[in-house]
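Subject: Structure handover

Dear colleague,

My notes on what was found in it follow below.

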Amino acid sequence: MDNSLVLIVEDEPAIAQILEAYLLRDGFRTVRAGDGEIALQHHAHLKPDLVLLDVRLPKLDGFDVLARLRQTGSTPVIMVTAIADDIDRLSGLRLGADDYVVKPFNPQEVVARVKAVLRRTRGEHANVIKRFGTIEVDFTSYTAFVTSNERRTHLSLTLSEFRILAYMIRHPTQAFARADILDACLPESDALVRTVDTHISNLRRKLEELGQNGFFPAVRGIGYRFSDPR
């Protein structure tokens, strides 16, 4: 699922740990929040791909959190509740929940629901945001971010650097020739092919300054790739 980030909002640590373990096993990244206020803070700073949102929470309940999320965006939300009351379920769906699960649940079913909701909603954002590991690129706003240790940091790039990053992150393990990078990212420029080396070096340095090492390795006799296969 492209290393998608799931925000788990659950005030019962044992349940949160189980959900986290199953999601990590399937290749997701996770972050946890134990109450509604922390959930909103994490959502604002980390921009998760999906939120698993318990209904009964301290400080702000799940419906209040969902209502605030829908005021600012369309992040997919799966409600988690121990209440079998259809009114609660329908209230959540009217506010904009994408799905719901009822406790007690099978964690594997929850992971399956997460995958299904992401597949269903991803088409709306497929050409807008691309994530690879800790790196996120927003193609519409020409911005890039690094998310590490629950902190989301803006990556300050020149337009040429952004174009190269955006071009290569679409196929992160593909080897790109310098000439191809130049033609794709700097088509209006009279720069020499070796100019690509300078931009790649600057990109690598800026990522390393944020603790992100190993990106843009050289491929002997060809050029560069965004990341070595893992």
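A residue is called buried here when its relative accessible area is under 20% and exposed when that area is over 50%, with partly exposed in between. Please keep in mind throughout that this is a predicted model.

By that cut-off Asp54 is buried, because its relative accessible area is 3%. Asp54 forms a salt bridge with Lys103, and the closest N and O atoms of the two are 3.3 Å apart. Since Asp54 lies in strand E3 and Lys103 in the loop between E5 and H5, the pair ties together parts that are 49 residues apart in sequence. Lys103 is buried as well, with a relative accessible area of 15%, and a cis peptide bond, with omega at about -5 degrees, joins Lys103 to Pro104. Pro104 has its place in the loop between strand E5 (99-102) and helix H5 (107-122).

The structure holds 17 salt bridges, and one of them joins Lys115 to Asp26, with the closest N and O atoms 2.5 Å apart. This pair links distant parts of the chain, given that Lys115 is in helix H5 and Asp26 in the loop between helix H1 (13-25) and strand E2 (29-33), 89 residues apart. Lys115, at 25% relative accessibility, counts as partly exposed, and so does Asp26, at 30%. A further salt bridge runs between Asp228 and Arg225, whose closest N and O atoms are 3.3 Å apart; Asp228 counts as partly exposed at 37% relative accessibility, whereas Arg225 counts as buried at 17%. Salt bridges that share partners also join Glu10, Glu12, Asp54 and Lys103 into one network.

Arg131, in strand E6 (residues 129-132), is buried, with a relative accessible area of 12%. Its side chain is joined to that of Asp49 by a polar contact of 2.2 Å, although the two residues are 82 apart in sequence, with their C-alpha atoms 9.8 Å apart in space. A second polar contact, of 3.3 Å, joins the side chains of Arg131 and Glu136. Arg131 and Glu136 are also among the residues that line the second largest cavity, as are Leu5, Arg29 and Lys47. That cavity has a volume of about 40 Å³, and its lining is made up of three nonpolar, three polar and four charged residues.

Two residues deserve a look for their backbone angles. Lys47, in the loop between helix H2 (36-46) and strand E3 (50-54), has a phi near 50 degrees, a positive value in a residue other than glycine, and counts as partly exposed at 35% relative accessibility. Phe216, which is not a glycine either, has a positive phi of about 60 degrees; Phe216 lies in the loop between helix H8 (195-209) and strand E11 (218-219) and counts as buried, at 0% relative accessibility.

Lastly, in helix H3 (residues 62-72) the buried residues are Gly62, Phe63, Val65, Leu66 and Leu69. They cover an arc of only 155 degrees around the axis and are therefore on the same side of H3, while the face turned away from that buried side carries the exposed residues Gln71 and Thr72. At the start of H3, a side-chain oxygen of Asp61 comes to within 3.0 Å of the backbone nitrogen of Phe63.

Conventions:
Residues numbered from 1 in each chain as written. Predicted model: local features only at pLDDT ≥ 70, side-chain atom pairs only at ≥ 80, totals over all residues. Heavy atoms only, no water. Helix = DSSP H or I, 4+ residues; strand = E, 2+ residues; numbered from the N terminus. Buried < 20%, exposed > 50% of the residue type's maximum accessible area, 1.4 Å probe, protein only. Polar contact = N/O pair within 3.5 Å; in protein donor to acceptor, adjacent residues only side chain to side chain. 1 Å grid on protein atoms, 1.4 Å probe; cavity = no way out; pocket = protein on both sides within 12 Å on 5 of 7 lines; lining within 4 Å. Points joined across faces, edges and corners; volume = space filled by probe spheres on them. Nonpolar A, V, L, I, M, F, W, Y, C, P; charged D, E, K, R; others polar. Arc of directions from axis to C-beta. Salt bridge = Lys/Arg side-chain N within 4 Å of Asp/Glu carboxyl O.
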